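Trainee: I am new to this structure and would like to go through it by question and answer. Please show it to me.

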Amino acid sequence: DELKKGAGLEYFYLEVHDEDRDDHTRCGVWVMDGDSHHRGLLRFALSAENIEHTLVLLVVDMSRPWTILESLQKWADIIHHHIDRLKVPPEKMKELEQQLVR
């Protein structure tokens, strides 16, 4: 079977409902297809302006488990390189990293 590819980068939103407070909100979601040739599109989803409010989630293709480690490493490298190019001040990056480990 041939794997179907997406449109490079797609935007969706999730409706989130907090029943305790009877509150609704939307959570924006950017989805990249698995082709690393589309890595240039990351600039639309992850910028210096929104990095503080962004979560990157790497998802693997379980139909080919022998490629999982290679795929995770490739995309972790791509994301790391992209974040480095954002020119976020080192103090800000340290602060964001500290928030992750709390």
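This is a predicted model: local features need pLDDT of at least 70, side-chain atom pairs count only at pLDDT 80 or more; totals for chains, interfaces and linings use all residues.

Mentor: Residues are numbered from 1 along each chain as its sequence is written, and side-chain values use heavy atoms, with hydrogens and water left out.

Trainee: In what sense do β1 and β2 pair, and over how many bridges?

Mentor: Helices (H or I, at least four residues) and strands (E, at least two) are DSSP runs, numbered from the N terminus. Two strands pair if DSSP finds at least two bridges between them. The pairing of β1 and β2 is antiparallel, over 10 bridges.

Trainee: Which residue in the hairpin of β1 and β2 takes a positive phi?

Mentor: The hairpin has 4 residues between the strands. The residue with a positive phi, near 50 degrees, is Asp22.

Trainee: How many salt bridges does the count come to?

Mentor: Side chains of opposite charge can pair when their charged atoms come close. The rule for a salt bridge is a side-chain nitrogen of Lys or Arg within 4 Å of a carboxyl oxygen of Asp or Glu. By this rule the count is 5.

Trainee: Which residue meets Arg26 in a salt bridge?

Mentor: Arg26 is in strand β2 (residues 23-32), and its partner is in strand β1 (residues 9-18), 11 residues apart. Both residues are exposed, where exposed means over 50% relative accessible area, buried under 20%, and partly exposed in between (1.4 Å probe, protein chains only). The N to O distance is 3.0 Å, and the partner is Glu15.

Trainee: Why does the salt bridge of Lys92 and Glu52 tie together parts that are apart in sequence?

Mentor: The closest N and O atoms of Lys92 and Glu52 are 3.1 Å apart. Lys92 lies in helix α3 (residues 90-101) and Glu52 in the loop between α1 (42-45) and α2 (68-85), so the parts tied together are 40 residues apart in sequence. Lys92 is partly exposed at 23% relative accessibility, and Glu52 is partly exposed at 38%.

Trainee: Which residues do salt bridges that share partners join into one network?

Mentor: One of the salt bridges is between Asp23 and Arg21, at 4.0 Å, N to O. Asp23 is partly exposed at 35%, whereas Arg21 is exposed at 61%. The network is made of Asp18, Arg21 and Asp23.

Trainee: Is Asp33 buried or exposed?

Mentor: Asp33 lies in the loop between β2 and α1. A polar atom of the Asp33 side chain lies 3.0 Å from the backbone nitrogen of Asp35. At 11% relative accessibility, Asp33 is buried.

Trainee: What distance separates the C-alpha atoms of Gly34 and Val60?

Mentor: Gly34 is in the loop between β2 and α1 and is partly exposed, at 44% relative accessibility. Gly34 and Val60 are 26 residues apart along the chain, and their C-alpha atoms are separated by 8.8 Å.

Trainee: Which residues make the nonpolar surface patch of about 450 Å²?

Mentor: Patches are made of residues with over 30% relative accessible area and no salt bridge, with like charges joined within 9 Å and nonpolar side chains (Val, Leu, Ile, Met, Phe, Trp, Tyr) within 5 Å. Accessible areas come from the Shrake-Rupley method with a 1.4 Å probe, and for residues only the protein chains shown count as cover. Trp30, in strand β2, is partly exposed at 39%. The patch is made by Tyr11, Tyr13, Trp30 and Phe44.

Technical notes. A polar contact is a pair of N or O atoms within 3.5 Å; within protein, one must be able to donate a hydrogen and the other to accept it, and residues adjacent in sequence count only if both atoms are side-chain atoms.
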